[in-house]
Amino acid sequence: MSDPLIEAALAARLNAFAPFSKFLVGAAIEDSDGRIHTGCNVENATYGLTLCAERVAVFKAVSEGVRKFRRVAVAADTDNLTPPCGACRQILWEFCGDVELVLANLHGKTETWQLKDLFPKPFDVSYL
Ligand code: THU
């Protein structure tokens, strides 16, 4: 049975702007009302200004006023499923907490993680 969140991440991946790496990534986030917000990686000629799919999805949702999230899916074309980078783990932690994270590829392989297992001892607002 297909998971609409994974399908949304796979669809978003097709919008990736990745002329430099050619590495296309899609992300999808389900909010507490069940709505899905998507993102793709958007690269830049300076390289360093590139934004990952996960952060684009989070920032799109946050900019629309959404603050509560249930699940995240990340899709890329790798056999060894692509996890969020460190910067995205920080952003996901701050906005989603210990959220369920589904990694997927184009061939139906999936893995489900809890963010705390990928991002132990995070810095967050509780330290401020
Ligand atoms: N990328 C993502 O969008 N998400 C990830 O989880 C890993 C990396 C992007 C950034 C860059 O555009 C390309 O993949 C190669 O690093």
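Author: Happy to; what follows goes through the sheet, the helices, one glutamine and the ligand site. This is a predicted model, in which local features need pLDDT of at least 70 and side-chain atom pairs count only at pLDDT 80 or more, while totals for chains, interfaces and linings use all residues. Residues are numbered from 1 along each chain as its sequence is written, and side-chain values use heavy atoms, with hydrogens and water left out.

Reader: What makes β1 and β3 a pair?

Author: Two strands pair if DSSP finds at least two bridges between them, and strands are DSSP runs of E with at least two residues, numbered from the N terminus. Seven bridges join β1 (residues 25-31) to β3 (residues 69-76), so they count as a pair under that rule. The two run antiparallel, and Ala28 has Ala73 as its bridge partner in β3. In general, strands of a sheet pair through backbone hydrogen bonds, either parallel or antiparallel.

Reader: Which strands are called edge strands?

Author: The open sheet has five strands in the order β2-β1-β3-β4-β5, with mixed pairing. The edge strands are β2 (36-40) and β5 (110-114), each of which pairs on one side only. From one strand to the next, the twist averages 20 degrees; axes are lines fitted to C-alpha atoms, for helices over the stretch in contact, and angles run from 0 to 180 degrees between N-to-C directions.

Reader: How many residues lie between the strands in the hairpin of β1 and β2?

Author: There are four, and Gly34 in that hairpin takes a positive phi near 90 degrees. β1 and β2 pair in the antiparallel sense over five bridges, with Ile36 in β2 as the bridge partner of Glu30. β4 and β5 also form a hairpin, with five residues between them, and Gly108 in its turn has a positive phi of about 85 degrees. Leu101 stands opposite Trp113 in β5.

Reader: Which strands does helix α2 lie across?

Author: Helix α2 (residues 53-63) lies across β1, β2 and β3, running at about 140 degrees to β2. Helices are DSSP runs of H or I with at least four residues.

Reader: What does Gln90 touch?

Author: Gln90 lies in helix α3 (residues 86-96). Leaving aside residues up to four places away in sequence, Gln90 touches Phe119 and Phe123, where contact means heavy atoms within 4.5 Å.

Reader: Why is the link between Gln90 and Glu94 called a polar contact?

Author: A polar contact is a pair of N or O atoms within 3.5 Å; within protein, one must be able to donate a hydrogen and the other to accept it, and residues adjacent in sequence count only if both atoms are side-chain atoms. The side chains of Gln90 and Glu94 make theirs at 2.8 Å, so the distance falls within that limit.

Reader: Which residues come nearest to the ligand?

Author: Of the 13 residues around the ligand, these are Asn41, Glu43, Ala53, Glu54 and Pro83; a residue is near a molecule or strand if one of its heavy atoms lies within 4 Å of it. A polar side-chain atom of Asn41 lies 2.9 Å from an oxygen atom of the ligand. For Pro83, a polar backbone atom is 3.2 Å from a ligand oxygen atom.
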